[in-house]
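Student: I would like to go through the terms used for this model and see what each one rests on.
Tutor: Ask about them one at a time.
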Amino acid sequence: MSLPQQLRDESDFDQLPHNVPISATIADIEEKKGFIDYFRFVTEVKTKGEGKYFIYRRYREFFNLHQILESKYSSENPEKRGPNTCVLPTLPGKVFIGNKKEIAESRIPELNTYMKRLLGLPPWFLLDEDLRMFFYQRDQDSQHQPRALRRLRPPTRKVKTVKPKMDLFSSPRAEAMFDFRGNGKEELNLKKGEVIFLLQRVNVDWLEGTVNNQTGIFPLSFVKIIKPLPDSDAEGEGNGLAYSCLRCFLLSPSGVDTRDVCVQEDITIQPTYKDLLSRMRNVFKVEDIALNYRDPEGDLIRILDDEDVQLMIKESRGQQGKVNRPVNQFPWELHVTLASDFSVYNNEA
C-alpha cells in the first residue's frame, strides 16, 4: 500500500464511530435443541471504542450475510459498478453430510479467518448496515448466559505476583452476573450475585480473584466490575499486582456478619492498630467498635495498640499449619465487636 493511501485509510478509520466492530473471535460452540438441532458459534466481538460483548450466530447467518455483501460489493459481480467494490474473503462452504458437532468444530478456524479478513477491509466497508447488524449484540444475545468459552481460556494457569505499591486496603472487586463452573481446581465456581475480590489480571479475558475462601481464575465476561484493578503496563502477561484477602467478622446481638476484604498488601505486612480500626469502621459502617482476635484456646482477646497487633500476628503464624486457608489470605483474622459489649469475652476465673 502506498503511503498516501495508508494515511487516508488511517484517517478514515479514526472517524469511524466507537461502536463499529473491528474484530471477532469464536469462543465456543453451543448446541441449540429444538424442532431441528443445530450449533451456534459463540463469538466475542470487540469494537473500535474497546467495547466487548458476545453474539450467537448459526452458520446459516454467516452464509446469508456473505451473499448480501457479495451482491453489494464483490468486484467479481459484473452488475456492480463504482468505487465501492472490494475482494471479499472466502466463506467456508456448506457441508450436507456428517456429525453436526464435528462440522461446527472444523469450521471455527476458517470462520475466524473469514471474520478477521472481513473486518480488515477498508473503513468505509465497516459502516455497512448489514455487516453492523450481524455483529450487533441483539437482545437475545445480551440475555443469554455464556458458558465455558473454552477457546478464550488462558494457555497457562501460572501467574506471577509483584509486590504492591499502593495504599493499604484497596479493594478491587466484581459481581458475578452469571453462574460459572470452573474446570479443575485452578478455576473458581461462581454464583450469580456473589462478590469476587480481584487479585490480578491473567490475560485480557481472565482474572484471578477470591470468593468464599477460595482463590482461582475466572472469565471476565461472567462478571461486572465494581471497582477495577489498577492499570498495568503488563496487562495480559500475567504480571498484575498481587492482592491479599483479610477475613473479618462483626459480632453483634443480631448475629455474625462475615466479610472478606481485599487488601493490596503482602500477607507478611504488620498494619498499625489505627489503620485496622479505621478500615473496620469503614467496612461495617459502625463507629463505636473494638478489634479482637482469637487466641489458640478460642477466646477473644481485645486489641488496644500496635503491640497487641504484633502479638496477634505472632500467635496466628504459630497456628498456620492447623488452618487451611488460600495462599493469599492473611494468617490472622479480625473479630469486631461493639466497644461496650464485654459479654463476648471469657470471664471465667
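Student: How much space lies in the largest pocket?
Tutor: In this predicted model, the largest pocket holds about 440 Å³ of space. Its lining has 17 residues, and Tyr 38, Arg 58, Tyr 59, Val 95 and Arg 107 are the closest to the centre.

Student: Which element gives the most to that lining?
Tutor: Helix H3 (100–118) does, with four residues. Strand S2 (38–47) and helix H2 (59–73) each supply at least two.

Student: How do the residues of the lining divide?
Tutor: Ten are nonpolar, six are charged and one is polar. Tyr counts as nonpolar and Arg as charged.

Student: Why is Gln 329 called buried?
Tutor: Buried means under 20% relative accessible area. Gln 329 has 4%, so the residue is buried. Its place is in the loop between helix H7 (306–318) and strand S13 (334–338). Leaving out residues up to four places away in sequence, Gln 329 touches Asn 213, Cys 245, Arg 247 and Ile 267.

Student: What makes a set of residues a nonpolar core?
Tutor: The members must be buried, of the listed nonpolar kinds, and joined through side-chain atoms within 4.5 Å. The largest such core has 31 residues, and Phe 41, Phe 62 and Leu 69 are among those with the most contacts inside it. H3 gives the largest share, six residues.

Student: What does Leu 69 touch?
Tutor: Beyond four places in sequence, the contacts of Leu 69 include Leu 88, Leu 118, Phe 125 and Leu 131.

Student: Which residues does the second core include?
Tutor: That core is separate, has 22 residues, and includes Leu 250, Val 283, Leu 291 and Ile 313.

Methods. Residues numbered from 1 in each chain as written. Predicted model: local features only at pLDDT ≥ 70, side-chain atom pairs only at ≥ 80, totals over all residues. Heavy atoms only, no water. 1 Å grid on protein atoms, 1.4 Å probe; cavity = no way out; pocket = protein on both sides within 12 Å on 5 of 7 lines; lining within 4 Å. Points joined across faces, edges and corners; volume = space filled by probe spheres on them. Buried < 20%, exposed > 50% of the residue type's maximum accessible area, 1.4 Å probe, protein only. Contact = heavy atoms within 4.5 Å.
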